[in-house]
Amino acid sequence: MARILVVDDEEKIRTIIKKYAEFEGHEIQEAKDGMEAVQLCRRQDFDVIVMDVMMPELDGFSACREIRKEKEIPVIMLSARGEEYDKLHGFEIGIDDYVVKPFSPKELMMRIKVVISRRRGSGREHEIFAAEGLLVDFTGRTVSVDGQRVELSPKEYELLFYMVRNRNIALSRERLINQVWGYDYYGDDRTLDTHIKLLRSSLGSYRKFLVTLRGVGYRFEA
């Protein structure tokens, strides 16, 4: 199973891809434009992104460049334009494949399978952080404490992963909420404190890594 982000301003296209991908056993997340895709990638990890070129807010090429500044996620670009220039431009900025619309959903699934297989076979994708008895496996999306796997909620995973990736950096409450819950989150910011408390409980003696910065926010210190 892979985690796939499908980015297209056409709901019909997203629905078709989601239908076939879920049938293959994959987990799907959707975004309707490039800006939303960039924000999702800042908060979550994906095995592959299937993204349209022409979209409002931020086009696919620009979104790919922004995402690649922070994460190496394979990108399969979709486009109604099949000109050689567009394909070459896509490969120059680092996309992994280019599919011209209209496309066969079954063929797209095969292309996704090839890209994921290539990525997993490269050995570069397995990202792990370890400190004393704490093991955070970003790729496997698991957390272990002294050899014992601990189960976290989706938001707890996202919060811990973001803090570990930005370890030893002072993270304001606003930044954490924006990155984990999204810029459009209007809930009570005590939600962050609750999730920090739950994380500390799950991490046992390694709760010491989650440092409170009074009046500022938190820092993962290890």
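Modeller: Happy to! A salt bridge here is a side-chain nitrogen of Lys or Arg within 4 Å of a carboxyl oxygen of Asp or Glu. Side chains of opposite charge can pair when their charged atoms come close. Please keep in mind that this is a predicted model, where local features need pLDDT of at least 70 and side-chain atom pairs count only at pLDDT 80 or more, while totals for chains, interfaces and linings use all residues. Residues are numbered from 1 along each chain as its sequence is written, and side-chain values use heavy atoms, with hydrogens and water left out.

Let's begin with D45 and R165, a salt bridge whose closest N and O atoms are 3.1 Å apart. This pair links distant parts of the chain, 120 residues apart: D45 sits in the loop between α2 (34-43) and β3 (48-52), and R165 belongs to helix α6 (residues 154-165). Helices (H or I, at least four residues) and strands (E, at least two) are DSSP runs, numbered from the N terminus. D45 counts as buried at 17% relative accessibility, whereas R165, at 30%, counts as partly exposed. For these words, buried means under 20% relative accessible area, exposed over 50%, and partly exposed in between (1.4 Å probe, protein chains only).

R3 lies in strand β1 (residues 3-7) and is buried, with a relative accessible area of 14%. Its side chain joins that of E27 in a polar contact of 3.4 Å. That term stands for a pair of N or O atoms within 3.5 Å; within protein, one must be able to donate a hydrogen and the other to accept it, and residues adjacent in sequence count only if both atoms are side-chain atoms.

Now for another pair: the side chains of E30 and K18 meet in a salt bridge of 3.6 Å, N to O. Here too, distant parts of the chain are linked, with E30 in strand β2 (residues 27-31) and K18 in helix α1 (residues 11-23), 12 residues apart. E30 is partly exposed at 29% relative accessibility, and K18 is partly exposed with a relative accessible area of 29%.

K69 and E66 form a salt bridge as well, with closest N and O atoms 2.9 Å apart. K69 is exposed at 62% relative accessibility, while E66 is partly exposed at 29%.
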